[in-house]
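The sequence and structure come first.

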Amino acid sequence: MRQEQFVARHQAEWLAFESWLMARGESARRARKERNTGAMTDEDVPARYRRICQQLALARARGYSPVVVDRLQALMQQGHGVLYRTPAPRWQRAARFLLADFPRLVRSEAGCMVVAAVAFVFPLVLMFVLLQLRPELVYSLASPEQVAMYERMYDPSDPQHALGRESGTDWQMFGVYIWNNISIGLKTFAGGLVAGVGALVVLIANGIGIGTVFGHLQQIGYGDPLWRFVCGHAPFELTALVLAGGAGLRLGLALIAPGRHRRIDALAIAGAKGARLCLGVAFMLLVAAFIEAFWSSTQSIPAVVKYSVSGVLWTLVALWLCFGGRGVVDED
């Protein structure tokens, strides 16, 4: 084949490959954003790259001019550099997931998250209000021993006592809180396998339990130590519990209404998304455990400082989940 015919036959795919290289080489995010606007998608690239390597070998074997050979050589080298470049460091990928991908995952399941929030918050508020009106109900929901334990933990007459705990150092309690928080989060998510009912049961049970404790302690005048203890870690812990419940509901929804997918495929898709949500939830619970162990239990910090920090944390969590990842395009 003559050189002119060879160039005319393959010119279009060389131009398409060059356009892809320009976008992908400058910015992976930009290339992903624009990948459907050109003649070649990412999925086409491996096959196109192999063709260019073959064409380069042919051009050399047939003795084509250096202009053609050099052009194909440059395309081959640039393609190799982009296709086989070193991936981003793990810390960078982890940061991107937490700052952008995780909030977008949460927003993509907004319906499930709202249902989970209602299932948790409504019984919590209901029990809190009921115990202000009928204090004796606490003994229908908790044993006298449990009630006495909570009263000791938040007794305002003992200012030297660490808030929210009866014993243990900060580091010991940090481990306890991690285990307790993450086990509840995973249990809530896994409950979604029972058609979503398990996740709802865990959310409602936690709402009733927390509402009972809060309502009783507030009613007997122990509210100040309680609120000073919970306000710091609540933005992360309570939000994470709701998100775990939402992920579990999404899992249950895939079983009940798989849509166009086979039920097993829908469950696999929901499970993969749920697993990624659980990674973010685990991070939030780890942060909550750290705050709970080293900040929340400290008696010496003034209430106004704790409430101010809590307000800042609630605001940051809300902004993170509502706006994190907006305008950021998927990477590879």
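## Helix α6

Helix α6 (residues 110-133) has 24 residues, which at 1.5 Å a residue should span 34 Å; its end C-alpha atoms are 34 Å apart, so the two values agree. The expected span is 1.5 Å times one less than the number of residues. Helices are DSSP runs (H or I, at least four residues), numbered from the N terminus.

## Basis of the values

The model is predicted: local features need pLDDT of at least 70, side-chain atom pairs count only at pLDDT 80 or more, and totals for chains, interfaces and linings use all residues. Residues are numbered from 1 along each chain as its sequence is written, and side-chain values use heavy atoms, with hydrogens and water left out.

## Packing of α6

The buried residues of α6 are C112, M113, A116, A119, F120, P123, L124, M127 and L131; buried means under 20% relative accessible area (1.4 Å probe, protein chains only). These buried residues pack against α5, α7 (138-141), α10 (197-219), α11 (223-256) and α12 (263-296), where contact means heavy atoms within 4.5 Å.

## Aromatic pairs

Rings of Phe, Tyr and Trp (its six-membered ring) pair if their centres lie within 6.5 Å; planes under 30 degrees apart count as stacked, over 60 as edge-to-face and the rest as tilted. By this rule there are 13 aromatic pairs. F97 and F102 form a tilted pair, 6.1 Å centre to centre with 50° between the planes. Both F97 and F102 are buried.

F102 also forms a tilted pair with W320, at 5.5 Å centre to centre and 40° between the planes. Because F102 lies in helix α5 (residues 90-108) and W320 in helix α13 (residues 303-323), the pair ties together parts that are 218 residues apart in sequence. W320 is buried, as is F102. One aromatic cluster is formed by W171, F174, F290 and F294.

Conventions: Buried means under 20% relative accessible area, exposed over 50%, partly exposed in between (1.4 Å probe, protein chains only). Helices (H or I, at least four residues) and strands (E, at least two) are DSSP runs, numbered from the N terminus.
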